[in-house]
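Dear colleague,

I am handing over the structure below. Please keep it open while you read the notes after it.

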Amino acid sequence: MKKYLLLIEDEKLWEKFKASIEKDINTEIMSLIRKMVKKDDKETKKD
């Protein structure tokens, strides 16, 4: 897997995200990416 750079400018938002994660940050980010990809796939299929 390739590495990625995560730049968060909103410190309050970042603190909320860190507090909400249940596993390690990589797992949480991958989960978010999967959700977005599935959402995008569903919207694409509607067209």
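The notes below go from the whole chain to single residues.

This is a predicted model, in which local features need pLDDT of at least 70 and side-chain atom pairs count only at pLDDT 80 or more, while totals for chains, interfaces and linings use all residues. Residues are numbered from 1 along each chain as its sequence is written, and side-chain values use heavy atoms, with hydrogens and water left out.

Overall

The secondary structure of the protein chain comes to 2 helices and 0 strands; helices (H or I, at least four residues) and strands (E, at least two) are DSSP runs, numbered from the N terminus. Taken along the principal axes, the box filled by the C-alpha atoms is roughly 35 × 25 × 20 Å. The chain has 47 residues, of which 6% count as buried. Buried means under 20% relative accessible area, exposed over 50%, and partly exposed in between (1.4 Å probe, protein chains only). Accessible areas come from the Shrake-Rupley method with a 1.4 Å probe; for residues, only the protein chains shown count as cover.

Before α1 and in α1

I8 lies in the segment before α1 (11-20). Together with Y4 and L6, I8 makes a nonpolar surface patch of about 240 Å². Patches are made of residues with over 30% relative accessible area and no salt bridge, with like charges joined within 9 Å and nonpolar side chains (Val, Leu, Ile, Met, Phe, Trp, Tyr) within 5 Å. I8 itself has a relative accessible area of 32%, so it is partly exposed.

D10 caps the N-terminal end of α1, with a side-chain oxygen 3.2 Å from the backbone nitrogen of K12. Of the 10 residues of α1, the number buried is 1, so this helix lies largely in the open.

A search of the whole structure finds 1 salt bridge, meaning a side-chain nitrogen of Lys or Arg within 4 Å of a carboxyl oxygen of Asp or Glu. E15 forms a salt bridge with K18, and the closest N and O atoms are 3.5 Å apart. Both E15 and K18 lie in helix α1, 3 residues apart, which is about one turn of the helix. E15 counts as partly exposed because its relative accessibility is 42%; K18, at 37% relative accessible area, is partly exposed.

In α2

E28 is found in helix α2 (residues 25-46). E28 is buried yet has no salt bridge: K23, the nearest side chain of opposite charge, is 6.3 Å away. For charge, Lys and Arg count as positive and Asp and Glu as negative; His and the chain ends are not counted. The side chain of E28 does reach the backbone nitrogen of K23, at 3.2 Å. Not counting residues up to four places away in sequence, E28 touches F17, I21, E22 and K23, where contact means heavy atoms within 4.5 Å.

T27 lies in helix α2 and is partly exposed, with a relative accessible area of 33%. The C-alpha atoms of T27 and V37 are separated by 15 Å, the two residues being 10 apart along the chain. N26 also lies in helix α2 and is partly exposed, at 42% relative accessible area. C-alpha to C-alpha, N26 and E11 are 18 Å apart in space and 15 residues apart in sequence.

Regards

Methods: Polar contact = N/O pair within 3.5 Å; in protein donor to acceptor, adjacent residues only side chain to side chain.
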